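Work through the following exercises with the sequence and the structure open beside you. Each task is followed by a solution in steps.

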Amino acid sequence: MTTIANTARRGERIESLVVAAAVGIVAAITLGYAFLLGTVESGPPRLLDWQVSAFFDLGPDDQAIHSALSAAAEEIGAMNYDFGDWAKPDELDRLLMPPFYKDEFFARHGSVDWRQLGAADYTQGGDTAYFGSGGLAPDQSAYLLIFRHRHIGSAYSNQTEIWVNPNAKIAAPEAYRAEFLARAGWRQVIPYSGADEVARLKGN
Amino acid sequence: MAMRPVKLAALLIGAALILTAAGPAQAQQKLRIGITLHPYYSFVKNIVGDRAEVVPIVPAEANPHGYQPQPEDIKRALSLDALVVNGIGHDEWAFKIVEATGRKDKLPLIWANATVALIPIGGERGKEKVVNPHTFVSTTAAVQQIYEIARRLGEIDPKNGAFYRNNARDYSTRIRQLRADLMQRLAPHAKADFRAATMHAGYDYLFQELGMRISAVIEPRHGVAPTARQLAQTVDDIKAARVTVLFAEQYFGGELAATVQRETGVKVYTLSHVTDGPFTADKFEEDMRRNLETLARALDEAAQ
């Protein structure tokens, strides 16, 4: 009877140890996960080698043109959605849309020469690019606004990118793939957007 | 030719049935879109027209700087289908109101600035760069917010999506025209050495879109009065930067502006922060037109 009782007690002890170990492991995983959640980074997006920050890295002329291009991209994309074509820079000028509109803003920020390099096909997709070069302001860049127009079935998306090149007089790029642009000295501009600031203020 | 009474009665009953069937159904389908700040009332009203109700969640006379939520605000917020917020400053109280309604995870929030490229507060501040939340005192950043709001409203209310987008385009065209009119008046001053300071860090987006720069900002932080030492330093900075014009805020900081004017001899003009007075569809355009005219006048007078 004693042996049976001892064996039973030993079994209970082992069982308690196993339960305690399991509880410990679960607690460690939970705490570790909570710690990781608490240390999720917020604030400006991390930049890759070929990217620059609109907020931190651009000079005043480039920053002003970037802000204007961001808003213009919204409108150009909406016009494409509704009317199917891609407005040319002279049309955007007539629509009073900075930075294409030839006003004092245009003159004070280097009188950049804007061209449309390519237009994505309405049914097949592709890239539409607006190229701005020849700016005369000090330390001014060349600019590239790209719409990556993609079709998935009947749906489509317009992903917008803005790139700068420190050589304001650089020739127009022959291709718009990120690797090609980065090799040619172009840098993708990453905005510090309202969504980023909300994430910093309120967490993700 | 007179219509028989029976036929007339049948027609009237039929019309009444159609009206009672359609009327309440349409009324029920109208979304109630909450807004926090005055510019968002104008933006949303111009986007939705009469197809949705626009509901300010705080009274028109409330000063957004340091506003404390009231029970009536919570009642209003309970009936909303969505709420448009700035989210990066000025309407922090809106989140307390939403939390108090118990709808924190249920009420769709439309973050007006989601896609706006933010810029730092202007003036020389060494290497420190502080986010400027005043995206709503600008025509270019306003256009971007209008499109974002229209897109999100179209997701919430798809049957009116195209209507909202068209209205966003028309409204944005008017706002661009406002800016273009001022740019015409700026042209003669293209070469002018115009050096301006602002009391409040509220006008960087506005100055940027006009191709102008701010040399100094008096307030060290949004809504925070400078200490005596900071003010003395700013006065020195204004003199060193040869600033001749100071743009004060319409509804606060008047005494401080007078002090700076006395110490430096700058000429003071006042700009609107677009966060006061009645909520109207035209409020944003009217206040921005006044702001742009004030800027044009300051340039004209500086050139004399």
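**Exercise 1. Find how many salt bridges the rule gives across the interface of domain 1 and domain 2 of chain B, and describe what joins there.**

Step 1. The rule finds one salt bridge across this interface; a salt bridge is a side-chain nitrogen of Lys or Arg within 4 Å of a carboxyl oxygen of Asp or Glu. The model is predicted: local features need pLDDT of at least 70, side-chain atom pairs count only at pLDDT 80 or more, and totals for chains, interfaces and linings use all residues. Residues are numbered from 1 along each chain as its sequence is written, chains are lettered from A and ligands numbered from 1 in the order in which they are written, and side-chain values use heavy atoms, with hydrogens and water left out.

Step 2. The partners are B:Arg174 and B:Glu285, at 2.9 Å from N to O.

Step 3. B:Glu285 is in helix H10 (residues 283-303) and B:Arg174 in helix H6 of chain B, 111 residues apart. Helices (H or I, at least four residues) and strands (E, at least two) are DSSP runs, numbered from the N terminus.

Step 4. B:Glu285 is buried, at 8% relative accessible area, while B:Arg174 is partly exposed at 38%. Here buried means under 20% relative accessible area, exposed over 50%, and partly exposed in between (1.4 Å probe, protein chains only).

**Exercise 2. State where the two domains of chain B lie and how much area is buried between them.**

Step 1. Domain 1 covers 30-178 and domain 2 covers 188-303; such bounds come from an automatic or database domain assignment.

Step 2. Their C-alpha centres are 25 Å apart.

Step 3. In contact (heavy atoms within 4.5 Å) are 42 residues of domain 1 and 36 residues of domain 2.

Step 4. About 3,100 Å² is buried between the domains, and carbon and sulfur atoms give 63% of this area. Buried area is the accessible area (1.4 Å probe) that two parts lose on being put together, summed over both.

Step 5. Of the area that domain 1 buries against domain 2, B:His38, B:Val137 and B:Leu178 supply 22%, more than any other three residues.

**Exercise 3. Describe the interface of chain B and chain A by its contacts and its buried area.**

Step 1. Contacts join 41 residues of chain B to 37 residues of chain A.

Step 2. The two chains bury about 3,300 Å² between them, with 56% of it on carbon and sulfur atoms.

Step 3. The rule finds seven salt bridges across this interface. On the chain B side, helices H4 (92-101), H5 (140-156), H6 (161-186) and H7 (204-209) each supply at least two of the residues that touch chain A. H6(B) gives the most, with eleven residues.
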